[in-house]
Structure formats: structure tokens, C-alpha cells
Amino acid sequence: MKVIIPFKFNNPKSRLSSILSLEERRKLAELMLEDVLDVVLKFTDNIIVLVPENIHLSLDVEVVEDRRDLNDAINSRIEKDTAIIMSDLPLLNDKVLKDFLNCDGDIIIAPGRRGGTNMLLI
């Protein structure tokens, strides 16, 4: 199983900008990414963290810079048995990910509460 985790570092968690500084929001985004990786690494080590700009992350996974539109960057890396998991899922845990990865179907979508997609399995 290949997992792609998009990660935005330039202006992360922008809805929190009225209460957190840019550096605080970056740190929060990084910590959330680490939490997601802690769960995903229990299921696979074939992980790509996809970033739109050249940044340094101290992670034990592959970090790939792709400046294209997020959808284009992700679509170019999708192949059979690929999961796309967002980097900011505070409720992600082993059970949630195991249940998601074991769903039957050609395409499995885990929607976000306010729209969008939290996880996609192809």
C-alpha cells in the first residue's frame, strides 16, 4: 500500500490566524503531520509526504516537492493500492485507519465534517 500525505507549510491552518502566529500554526501543522505519520507507519512504510515548496522536515519518510496544483501533484502519483491521507486528522487512530484500509470497493472516500475529503483509497 502506497500512502500520499499532502502537507502545506506556507500558510497552514489559516482559520487559526486570528489566535496563532504563523510560526505557531506551522508548528501545529508539523505536530499534526507527525501524529498522522505515527498511525500510518504502523500499516506501511511506503509513504510520500507531498509538499508544494522546498521545506526541511525531520521525518523518516520520503518528502517530495511538487509545485503543481495539489490535485495534479496527487493524481500524477496515484497507482493501484494508493491511499491519500490528509496531514491534519486529529481523530485518526489505528482502528480508524485499519477499518478504512479494509473497506471493500474500488474507491473509498472518507469525507471531512465540513466538506472535502479526509482520506481516499484507490
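**Note on strand S1**

1. In strand S2 (residues 47-51), isoleucine 47 stands opposite valine 3. S2 runs parallel to S1 (residues 2-6) and is joined to it by four bridges; two strands pair if DSSP finds at least two bridges between them. Helices (H or I, at least four residues) and strands (E, at least two) are DSSP runs, numbered from the N terminus.

2. The model is predicted: local features need pLDDT of at least 70, side-chain atom pairs count only at pLDDT 80 or more, and totals for chains, interfaces and linings use all residues. Residues are numbered from 1 along each chain as its sequence is written, and side-chain values use heavy atoms, with hydrogens and water left out.

3. S1 also pairs with strand S4 (residues 82-85), in the parallel sense, over three bridges. Threonine 82 in S4 is the bridge partner of lysine 2.

4. S1 is largely enclosed by the rest of the structure, because five of its five residues are buried (buried means under 20% relative accessible area, exposed over 50%, partly exposed in between; 1.4 Å probe, protein chains only). Lys2, Ile4 and Pro6 point one way from the strand, while Val3 and Ile5 point the other way. In a regular strand the side chains alternate between the two faces of the sheet.

5. Lysine 2 lies in strand S1. Its relative accessibility is 11%, so lysine 2 counts as buried. Leaving aside neighbours within four places in sequence, lysine 2 is in contact (heavy atoms within 4.5 Å) with Asn46, Ile48, Arg77, Glu79, Asp81, Thr82 and Ala83.
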